[in-house]
Amino acid sequence: MLARSPRGRGALALTLRRAARARAAEAIKIGISGVFAAPEPASTRTVSTRAVVHYTIPAIIYFVNNNLTFVILTHVHPTTFQLISQLKILFTGLLFRAILKRRLHLHQYFAIALVACGTAASQIPSCEAPDPKKDVSTPSWGFLLMVASCFLSALGGIYSEMLLKGKMADSIHWQNVQLYAWGIVFNAAGALMHDQKLLSAGFITGYNKWTWLVIANNALNGLCISALLKYSDNIMRVFAHASAILLTMVADLVIFGEVPTPQVVVAFSVISISMAQYNMAPPPATATAGAKTAGPFVIGDADEENESAELLARRP
């Protein structure tokens, strides 16, 4: 919403370089986390070489993905990119099971697929006559790069959750400092790769109050996501992101007076149904206590199977 402000729109279009903006947001996140981590007991700030190495992995993943996105957007139509990028929701559900070993019910997987469809629906453009001057075709390698980008995005979130939950006794603020320190290093490298003039002009040249408001908003959003990953999980992050469609719809109506488009209304309805469907299932730990499972799905009751086996054993 800040980016769409009448005062900030023009300036942001000129001054917001993606990597430089991310670097500034990482610096703010480190500052806030450092302030909260300083007074905490030393026992909540463990340091090891292995941990330092592990914290570089999400930074490398996001660094590669950010540069991959830059390449994709120069060859792929933005609308196509927004629609295909919802595959990261599906990849999140699959990696949630493969890496974190978290078991979900079949209809929870369907709910995750449904929220991906709902989010994609909000990105469908209005029916307009095509502009013959604009090439909206997408090469086959472009789709492959988009799929790879979606996978990396999901992998980064899953790996970050694994790191944050790996040491629950550690302060989340200290973990954020380690995580975002590497983010600054790689984002600074990325900014210089795409705009070498930053060395002479400065990383924050041209920034105004609206630019800093957007950066601060991104920083606070990142801190909230870290807390969500440590104390909840990536699936809740997916639904929280999808729920932002409702808030955006309300904000558009109140601030800009824009009537919600049919696409947004459909998206909100589908996402609401998917949220209800996902939460209808009992927690996986409770559901699988006395159940026979095949892969990630609960398919039967183990007590009934054991009882049948005992009856067969008693037969002469």
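Modeller: Before we start, buried means under 20% relative accessible area, exposed over 50% and partly exposed in between (1.4 Å probe, protein chains only). This is a predicted model, where local features need pLDDT of at least 70 and side-chain atom pairs pLDDT 80 or more, while totals for chains, interfaces and linings use all residues. Residues are numbered from 1 along each chain as its sequence is written, and side-chain values use heavy atoms, without hydrogens or water.

Colleague: Thanks! Is lysine 101 buried or exposed?

Modeller: Lysine 101 counts as exposed because its relative accessibility is 59%. Lysine 101 sits in the loop between helix H5 (87–98) and helix H6 (106–121); helices are DSSP runs of H or I, at least four residues, numbered from the N terminus.

Colleague: New topic: how many salt bridges are there?

Modeller: The count comes to 4, taking a side-chain nitrogen of Lys or Arg within 4 Å of a carboxyl oxygen of Asp or Glu.

Colleague: Which residues are linked in a network?

Modeller: Arg102, Glu161, Lys165 and Asp233 are.

Colleague: What does arginine 102 pair with?

Modeller: One partner is glutamate 161, with the closest N and O atoms 3.9 Å apart. Glutamate 161 lies in helix H7 (residues 140–166) and arginine 102 in the loop between H5 and H6, so this pair ties together parts 59 residues apart in sequence. Aspartate 233 also meets arginine 102, at 3.6 Å, N to O.

Colleague: And where does lysine 165 lie relative to glutamate 161?

Modeller: Both are in helix H7, 4 residues apart, about one turn of the helix.

Colleague: Is glutamate 161 buried or exposed?

Modeller: Buried, at 1% relative accessibility, whereas lysine 165 is partly exposed at 25%. Arginine 102 is partly exposed at 32%, and aspartate 233 is buried at 10%.

Note on methods
Helices (H or I, at least four residues) and strands (E, at least two) are DSSP runs, numbered from the N terminus.
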